[in-house]
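Hi,

Here is the structure I promised to pass on.

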Amino acid sequence: GREGYERPEHLGAAGSEQGRDIVAWRDGEQWAFQCKRVQSFTAATARTEIQKLFAELPPRDIPIPQHYVFIASCRISSDLR
């Protein structure tokens, strides 16, 4: 695509996505995207989601993404970004 991502896959509808809604590859590295429909996204929210991600790491036969991106439905302060 335009941003250089290849082989995008939507996992959110399949269940057992381990905190990943979309995965794609760019420059040989896996990127995971998690979409959050929330009123606010704070540092506490980010910490909680990251803790959940590591608690739900995929089985060894699934590669762990090198990059993890949150996409939120609300504004995120520049300090938090």
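Reading along the sequence, you go through β-β-β-α-β, which gives 1 helix and 4 strands in the chain. Helices (H or I, at least four residues) and strands (E, at least two) are DSSP runs here, numbered from the N terminus.

Before you go further: this is a predicted model, where local features need pLDDT of at least 70 and side-chain atom pairs count only at pLDDT 80 or more, while totals for chains, interfaces and linings use all residues. Residues are numbered from 1 along each chain as its sequence is written, and side-chain values use heavy atoms, with hydrogens and water left out.

Some overall figures. Of the 81 residues, 25% count as buried; buried means under 20% relative accessible area, exposed over 50%, and partly exposed in between (1.4 Å probe, protein chains only). The chain exposes about 6000 Å², with carbon and sulfur atoms supplying 50% of that area. Accessible areas come from the Shrake-Rupley method with a 1.4 Å probe, and for residues only the protein chains shown count as cover. As for contacts (heavy atoms within 4.5 Å), take those with a separation of 6 or more: 54% of them are between residues 24 or more positions apart.

Now the salt bridge (a side-chain nitrogen of Lys or Arg within 4 Å of a carboxyl oxygen of Asp or Glu). A search of the whole structure turns up 1. It pairs Glu-49 with Lys-36, and their closest N and O atoms are 3.2 Å apart. Glu-49 sits in helix H1 (residues 43-55) and Lys-36 in strand E3, so the pair ties together parts that are 13 residues apart in sequence. Both Glu-49 and Lys-36 are buried.

Two backbone spots to check. Arg-7, in strand E1, is not a glycine, yet has a positive phi of about 50 degrees. Arg-7 is also exposed, at 58% relative accessible area. Asp-27 is the other one: again not a glycine, with a positive phi of about 55 degrees. You'll find Asp-27 in the loop between strand E2 (22-26) and strand E3 (29-36), and it is exposed at 75% relative accessibility.

Last, Glu-9, which belongs to strand E1 (residues 6-10). Glu-9 is partly exposed, at 44% relative accessibility. Leaving aside residues up to four places away in sequence, Glu-9 touches Asp-21, Ile-22 and Val-23.

Cheers
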